[in-house]
Amino acid sequence: MNKRSVTLRNTETYIINSKIVEDDFKIDISLPNDYYETNEKYPVAYILDGNRNFGIVSGTATLLNTGTDAPKMIVVGIGYVTDEEHAKLRNRDYLPTVTDIHDFLGGARKFLNFLEEELIPNVESTYRINSNNRLLAGISYSGLFTMYALFNKSTLFNNYLIGSPSMYYDNGTIFNHEEEYAKLNNDLNVNVFLSVGDLEAGFDMFPGMVSNVVKLSKILRKRNYDNLLLTTHIFEKETHFSVMPATFSRGIRELLGQDEEWSLKFKYLF
């Protein structure tokens with residue numbers, strides 16, 4: 001066999017320095033196959049944990065569009081220069097408070113500012129993007145950050161894909177962010193897909209995964225926000241890791257599907 005290097009089709013990669021975070025980020029961008037042949041503007045999905053999730057999501061987005069389950073879109077993977085840095089620095093950027101369980105913590109505010117002030121303007125001045133149809137997606141710690149963005153800068157994105165969020169972190173501090181948002185706002189004008197695998201209830205290292213998703217769903221329903229579209233789904237027979245591809249596939253279909261007839265609604269309201 002002759003070994004060849006592999007390049008993902010229609011993918012462009014950048015290293016972007018953030019003055020806010022004071023670090024470099026690896027940004028992978030997947031474009032529709034005919035991007036350079038049209039003048040169309042596209043929805044954009046910003047994917048956290050890009051080192052791990054970008055390939056999953058870019059392939060899934062293409063497949064969903066092939067089956068007319070979702071529109072063509074631009075996928076932006078937000079990652080780190082090396083996989084080793086990803087494993088360490090995701091804690092710094094996704095966790096909102098400092099505790100003693102990890103090094104490099106509590107940088108969620110800076111990371112959110114990086115997205116708003118540096119990354120999004122950079123990406124959306126370079127590519128033809130419908131800025132009225134942005135999606136932010138994260139799972140586990142990055143799911144917690146996606147929820148943090150929802151309650152601290154809700155208008156930055158229209159769609160929030162939140163999978164298996166680590167709401168247990170720091171004694172459930174994210175619930176304080178939700179409560180503070182509710183005190184200051186009468187509405188939450190976004191589309192949210194919130195999910196978890198049912199087998200995550202048995203993971204001691206991820207306490208309260210399922211029960212916290214149920215708890216938050218109940219809280220948000222009781223807020224009676226007029227413009228909140230909330231879909232909550234518990235995937236059967238899925239663990240914290242096996243659920244990830246299913247989360248992205250179902251979430252993208254729910255949030256970016258163009259038509260009710262081919263954007264199926266699986267609403268589990270607790």
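**Burial, pairing and backbone in a predicted model**

User: Aspartate 170 lies in helix 5. Is aspartate 170 buried, partly exposed or exposed, and what makes it count as such?

Analyst: In this predicted model, aspartate 170 has a relative accessibility of 29%, and since buried means under 20% and exposed means over 50%, aspartate 170 counts as partly exposed. Its backbone also deserves attention, for aspartate 170 has a positive phi of about 50° although it is not a glycine. Most residues other than glycine have a negative phi.

User: Which other residue has a positive phi although it is not a glycine, and is it buried or exposed?

Analyst: Serine 164 has a positive phi, of about 40°, and is found in the loop between strand 6 (159-163) and helix 5. Its relative accessibility is 0%, which is under the 20% cut-off, so serine 164 counts as buried.

User: How do you know which way strand 3 and strand 5 run, and that they are joined?

Analyst: At least two bridges are needed for two strands to pair, and five bridges join strand 3 (residues 42-47) to strand 5 (residues 129-139), with the two running parallel; within this pairing, isoleucine 47 stands opposite alanine 137. Strand 3 is also joined to strand 4 (residues 74-79), by four bridges and again in parallel, and here tyrosine 46 stands opposite valine 76. Between strand 3 and strand 4 the chain passes through helix 1 (residues 50-66), and this β-α-β crossover is right-handed. Strand 3 itself is mostly covered, with six of its six residues buried.

User: Why is helix 4 called largely enclosed by the rest of the structure?

Analyst: Eleven of the twelve residues of helix 4 (residues 141-152) are buried, so the helix is largely enclosed by the rest of the structure; among the buried ones are Tyr141, Leu144, Phe145, Tyr148 and Phe151. Its length also fits expectation, because twelve residues at 1.5 Å a residue should span 16 Å, and the end C-alpha atoms are 16 Å apart.

User: Which residues have the most contacts inside the largest nonpolar core?

Analyst: Tyr46, Ile74, Ile78 and Phe145 have the most contacts inside this core, which has 63 residues. Leaving aside neighbours within four places in sequence, phenylalanine 145 is in contact with residues including Leu48, Tyr94, Ala108, Phe111, Leu112, Leu115 and Leu136. Another core, of 21 residues, lies apart from the largest one and has Phe54, Leu161, Phe193 and Phe235 among its members.

User: What makes tyrosine 80 count as buried or exposed?

Analyst: Tyrosine 80 has a relative accessibility of 1%, and as buried means under 20%, it counts as buried. Tyrosine 80 is found in the loop between strand 4 and helix 2 (83-94), and residues in contact with it, leaving aside neighbours within four places in sequence, include Phe25, Lys26, Asn51, His86 and Leu89.

Technical notes
Residues numbered from 1 in each chain as written. Predicted model: local features only at pLDDT ≥ 70, side-chain atom pairs only at ≥ 80, totals over all residues. Heavy atoms only, no water. Buried < 20%, exposed > 50% of the residue type's maximum accessible area, 1.4 Å probe, protein only. Right-handed = clockwise from strand over helix to strand, strands pointing away. Expected span 1.5 Å × (residues − 1). Core = buried A, V, L, I, M, F, W, Y, C linked by side-chain atoms within 4.5 Å. Contact = heavy atoms within 4.5 Å.
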